[in-house]
Amino acid sequence: MKYLIAKNLDDALTLREENPNFTLLFGASDIALKMKNNQVSGVVDLTHLDELSYIRKNENSIKIGALTTINAILQNRDITQFIPILSEASKEFASHQIRNIASLAGNVANASPVADMIAPLLVLNAKVTLLSSKGERTIFLSDLIIGFKSLDLNNEIITSFEIEIQKRQHYYRKVGPRAKLNIAKLSLAMVKQDERYFISGASLNPYVKRFTNLEELLNGKNYSDVDIKEAMDKDISPSGSFRSTKEYRRKVLFNMLGEALGKFAI
Amino acid sequence: MQIRCNINHKEYNLEVEATSRVLDVIRELGITSPKEGCGEGECGACSIFFNGKLVNSCLLLAGQIQNAKILTLEGLYEETKIVRENFETTGAIQCGFCTSGFVLRSYDYVKESGVKDEQSVKDALDGNLCRCTGYQKIVDAVIKSMA
Amino acid sequence: MGLIGKSLKRVDASSKADGSLKYTDDLEFNGRHGLVVRSQIAYGKITSIKYEDKFDFSDFTIVDYRDIDGENVNPILMDDQPFLAQNIVRFIGEPILLLAHKSKKALNEAQQNIYIEYEEFEAILTLEDSQDVKNVIFGDDNVYKTINTQKGEEPNYSELNVLEKTYYTPHQEQLYLEPQSMIARYSNEKVKIIGSMQCPFYVESALESLTGQKIEIEQAPTGGAFGGKEDYPSLMAAYVYLLSKKSKQDVKIVYDRVEDIAFTTKRHPTKMKFKSHFDSYGKLHSLNIDISIDGGAYSTLTPVVQARTILHIAGFYDCEFIKVTSNSYATNTPPNGAFRGFGAPQAIFAIERHMDDIARRLDVSPSKIREINLPTADSTSVTNAKIDEYKRVKNIFNLAREKSDFDKKRLDKRQNRGIGMALFMHGGGFTGIGETFLDSEVWLDLHKSGEVEIKISSVEMGQGALTVLPQIVADTLNLPLSMIIYKNPNTFNVANSGPTVASRTVMIVGELLIQTAKKILNALDKYENIQEYKEVVSKYLNANSSKRFTSKYKKPSYIKWDEDKFYGNGYDGYSLACYIAEVEVDPITYQVKVTDFYAYQDVGKVINPTLAQGQVEGGVAQGIGFALYERVVMESGKIKNSHLTDYVIPMASDLPKIEVGFIQSDEKAKGLGELPMNAPAAAIANALANAIDVEFDTIPITPEIVEQRCR
């Protein structure tokens, strides 16, 4: 199997264009399993591009390079202070050893329905910068992930994420089969900003997306438990797999929404 | 692919398949403390230091360690002395298969001046599985190493 | 003297801590890797095996049942298991062919190019379908073995309360961290087997069946076993042997985790139906219990698991009438086998849940119900034996309650929190006539240096045998531990002291070592120190040609057991315990956390306290896994969750601090290895009943099930 190491960003773009079916390696917490399942036809290794590994705070936002590891995010003081929901999500991500190689872009680009970092990024209204030989564009993350493990990418490489610094209240909770090192049964990421709610969660849909019906409902002033359940059922379609059941996911999500609203009310 | 790397303070020039797992590359050199317990990054028995960061070597591909510095337990003999002694005396070792992974993780945690309470230590061990000990004496050994 | 009761450091601690100890897959190896080609269907006939023309198989070693010179039978109890399928396959994963090649990659490719076709028969995939005889897959009625036992006279039922309940325990995977691993070394037309195993002589016996010869078997350092390496390594050894003999090269097979979980032995799923009669105080008057066990596709160890389940199914409770019926069934799923407890965890879950269920119906406390039913001097067991340890049950029961403050906490109605208990035992050593049948022998060789070498087949698999047995010998001989040699057993060099199972290593083998060491003491002149010792050894060896001292197992005359009638005392000795669990249920996620755990036991003499505590802590952790986390999801005869991401075992953050205590009494040490596994599930389920008023009769008690039951 061909394995190509990108020497710099331009090189990466060229290799990407020349080998559109090759797997882009951002960190490598997922590729070993993919290779075992014969899902990889070739590799373009981006992990040596140190220039894509950074966390920069400027006046209005924090910019995170694509290759920044989850542990780097977890340990970063600016993120803990200004976008704490991302720290909390990082804490629940896999294990210490995996956090040391998994990258933010890798988790996003894999676009798994159980990805841990996508929901928090969505409720932070994160923007993602994509680069190709034809140029650069920056879009909302919500516009990038469009389906089950599919991204709206045109031979592009994710280079960075940007999150505005805002006054936010947040809630994050991930539920797995045990306390640590879990694939999410479900998770809830919620932000309240300027009296508006931004809500998302993992493992509740074929791909991680915003819960727009719940957002609309909660942005209004009056709603009952029944209303919440109805909106919730429009926003999620959890599968019953051997990992968990539909009923459990629905019930626990409802409970977590209650817990979150309680937290925000204080 | 030609991979140049430094493993346990020794320079290597290896001819390996770039997609082979670093765990296999290391073990084929006779460095056998990193072990395969699961091949999926779930058990931590394959833990190694990769450019100073503790990672699962079963998840890394050989191409990623081009020009890298790798340290296994064999290359950290002096540095892990206190942790190892504490593991030995508290009874934190039974079958031993998970031990090198736990020693490295514990050393990593102690080195980073981790928090000394039981729950924090348990949470820090979120990448290492043990089936024999129930973890109790491992936690004791880690806390003892932070005295 | 004075080494017993000391927490001596493990002799293998430093080589394990510094990573220098070599397990099977760490050993120098330059040969061929092996691969097992398996059945894709649960039950049927192989109609053809075709090799792709375009693929070059010339460099591969290919083995099938025709390469077996001896018998294609893995001899355990019923001799129904072949090493390789001949034409009938009975479970998904049954080995059909073996391949060997220098490259693992080539092996995987080769496997893709072998096409096996089957005529499928109607498979039996569940215990219920087997019981209903939807199809006959074994014998006349799918039953491997029936064992019934009954004692006493039925009481007057009209005056009594009755409770009928069924309890169910599922498969559980041992998950030793080192996967199944085996090497065959080829040299001068001879093959030597080295690998991860609990029972070198079982492997010898298997290969004797396979080849007609005694093959040299050596245990390599073993990374955990818990029963999962009791009989399975015999198959591994057969595979590498056959490939090695045919290729005339070293062959190694190391399972990857997915393969290991998917196809190796598991704990037997067991259904236990209780119908009990009791008075209004909770005193039992009649116990009628029916046990059904799922043995999988071949019987392997099932009849013995069944026997042990029966002998533990009534706990230590006695009443005037006890009737136990049991059947073990064949299903077209991977054969089940040994896992720490070997039927007792299943049985204790049921009886200890049942006692609490009775208590709830009478509004009597769990303590009271057990107090009323504690064995007395007149009590006898399920199979009518007077058990010496009965008089000590009360002590351990009271100690555990006191240390955990059980009775007070139980009355504290704390939201979503509860406390529960389990009172139980574990019979040490082989069941029934087993120890007599094993006929264990130990050798101690006296070297010129004064060193004493232990030559037995018991293995170190993490439990500490390599330290504890020498500790016992050193203590008896008043020597430092360093003067006792104990190498990994090799069947060509050691006595057959039996398998390393059944919590018999310290209790039975250790006792034989004490006897043998005493023979050395008697043979030598008196000595006061090491210098004198070396002198008397010299004197002895100069005057005697044999340096070997031996002892053989002899069943204590006061233990009587009738195998045909299944009657009498099934074990030479029992360890006792009372475990108490405190749980908390998260009202948002329904997750159950064990917040505190008290493990108090009476195992007679404790040889090495730190190692003993380790056995308890590890066993309790596995028991908590059994109770709350570990599920084997079987679909159409195949395990769906054979990845570690989905077969979830507890990690450090999931486990509470376990309070461990021992009552030391007897002179003799009893079994400890399995005891801790028997009770956590019952204690936790009982605690949950206290916490949220729901009775869980099945495990694991996952959050999904808690949510469902709380609706």
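Biologist: Is K246(C) buried, partly exposed or exposed?

Modeller: One caution: this is a predicted model, where local features need pLDDT of at least 70, side-chain atom pairs count only at pLDDT 80 or more, and totals for chains, interfaces and linings use all residues. Residues are numbered from 1 along each chain as its sequence is written, chains are lettered from A and ligands numbered from 1 in the order in which they are written, and side-chain values use heavy atoms, with hydrogens and water left out. Buried means under 20% relative accessible area, exposed over 50%, and partly exposed in between (1.4 Å probe, protein chains only). With a relative accessible area of 43%, K246(C) is partly exposed.

Biologist: Which residue does K246(C) form a salt bridge with?

Modeller: A salt bridge here is a side-chain nitrogen of Lys or Arg within 4 Å of a carboxyl oxygen of Asp or Glu. For K246(C), the closest N and O atoms are 3.0 Å apart, and the partner is D67(C).

Biologist: How many salt bridges turn up over all chains?

Modeller: That takes a search of the whole structure. The total is 73.

Biologist: Which residue of chain C meets R27(B) in a salt bridge?

Modeller: R27(B) counts as buried, at 13% relative accessibility. The N to O distance is 2.7 Å, and the partner is D26(C).

Biologist: What is the relative accessibility of R353(C)?

Modeller: The side chain of R353(C) meets that of D697(C) in a salt bridge, at 2.9 Å from N to O. D697(C) is buried, with a relative accessible area of 16%. R353(C) counts as buried as well, at 0%.
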